[in-house]
Amino acid sequence: MSIDFTQVPSPCFVLEEELLRKNLGLIRRVMDEADCQIILALKGFSMYSAFSIVSEYLPGATASSLNEIKLINEYLGYKSHTYIPAYQEEEFGEVLERSKHITFNSISQWERFQPRVKEFNQNHPEKAVSCGIRVNPQYSEVETDMYNPCIPGSRLGVTRSHFGDSLPEGIEGIHFHTLCENGSDVLERTLEALESRFGDLLHQAKWLNMGGGHLMTREGYDIPKLISLIKRIKETYNVDVILEPGSAIAWRTGYLVSSVLDIVESQGIEVAVLNTSFAAHMPDTLEMPYKPRILGAYHEPVAEKPTYRLGGMTCLAGDFMGDYSFDTPLQIGDRLVFDDMIHYTMVKTTTFNGVNLPSIGIWQAEGQFRLVKKFGYESFKDRLS
């Protein structure tokens with residue numbers, strides 16, 4: 001890392017271009033060796049100022065809303081792989097026009113929109129859309145219920161009991177997404193569950209979308225196993241395989257730069273108040289939850305070292321993260337740099353309390369900072385009426 005953070009405004013998300021290219025290069029190698037498609041999932045990384053870089057490596061992108069579809073069309077030049085949990089009548093025509101694959105979340109949704117798909121494909125054979133259905137293999141090793149699509153009562157995907165002996169007429173693909181930042185060993189066990197319930201239907205499909213959660217850019221991930229699993233599925237069922245990782249694309253490619261606004265003593269605890277917010281700018285840290293790393297800080301309290309609980313700048317009582325130790329006492333104005341803050345972070349930011357969104361920038365490969373966007377009052381006002 002060679003970033004000069006003094007060139008970066010605060011607060012600011014900073015993408016490091018060389019790290020993004022390193023991830024994309026590895027993913028491209030997996031795609032080529034496994035002879036599959038690996039595409040960008042916008043729900044994890046929608047930084048369209050970097051899409052020109054992504055397009056050098058990946059052949060497509062997946063969306064879960066019409067707005068994400070439009071962003072793919074406009075800034076990547078691709079038609080979208082689309083999965084929306086429930087399609088809306090007034091949007092579906094545009095979804096059809098802008099997509100190449102559409103996955104339906106339920107058989108009832110497919111039955112409702114199948115006539116429109118059929119009519120579209122007959123009238124526009126050159127733009128024909130391939131349709132699939134999301135299945136629930138009733139197996140997931142995700143421990144946090146908020147991120148587990150296989151818990152009882154899940155609305156995501158169709159269990160085997162809703163199928164007969166064949167896929168619904170017109171359905172060409174099967175889609176599952178039950179992983180969350182998992183390894184290929186978890187994928188192996190998930191595929192065993194999928195095949196035990198849906199193996200006969202896989203033989204009828206043209207493609208299998210394995211969804212996201214494949215954290216292949218994490219150190220220690222077993223890439224040869226992933227490639228082997230993909231090849232086996234392709235050979236066994238004669239299907240094209242698609243993966244759409246969210247975290248893996250931008251895993252450990254950037255930072256959130258913040259500053260200390262105030263330091264207060266609270267019942268024996270030193271609290272540093274920052275010009276950013278865990279609730280508004282890093283909500284995954286509270287939802288997952290997880291404790292983000294800070295460059296140059298001790299991740300856990302160290303006896304005899306200056307230790308602080310870090311608080312965000314909103315009035316939400318729970319907008320804090322703690323505790324971290326430092327080699328020297330913090331001072332008002334000090335910079336704190338949170339690591340790995342690009343994936344599933346800026347896509348979830350809010351302007352709660354009217355707090356400004358962090359700026360967005362890129363540390364370019366030639367060693368210069370480029371400010372991409374700065375937010376202000378208009379960004380807050382435009383979300384309201």
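Visitor: Where is the place of serine 106?
Guide: This is a predicted model, so to speak of local features pLDDT of at least 70 is needed, side-chain atom pairs count only at pLDDT 80 or more, and totals for chains, interfaces and linings use all residues. Residues are numbered from 1 along each chain as its sequence is written, and side-chain values use heavy atoms, with hydrogens and water left out. Helices (H or I, at least four residues) and strands (E, at least two) are DSSP runs numbered from the N terminus. Serine 106 sits in the loop between strand E6 (99-104) and helix H5 (107-123).

Visitor: Is serine 106 buried or exposed?
Guide: Buried means under 20% relative accessible area, exposed over 50%, and partly exposed in between (1.4 Å probe, protein chains only). Serine 106 has 18% relative accessibility, so the label is buried.

Visitor: Which backbone nitrogen does the side chain of serine 106 reach?
Guide: A polar contact is a pair of N or O atoms within 3.5 Å; within protein, one must be able to donate a hydrogen and the other to accept it, and residues adjacent in sequence count only if both atoms are side-chain atoms. The backbone nitrogen, reached at 3.0 Å, is that of glutamine 109.

Visitor: Leaving aside neighbours within four places in sequence, what is serine 106 in contact with?
Guide: Contact means heavy atoms within 4.5 Å. With those neighbours set aside, serine 106 touches Ile133 and Val158.

Visitor: How many helices and strands does the protein have?
Guide: Buried residues make up 53% of its 385 residues. The secondary structure comes to 11 helices and 17 strands.
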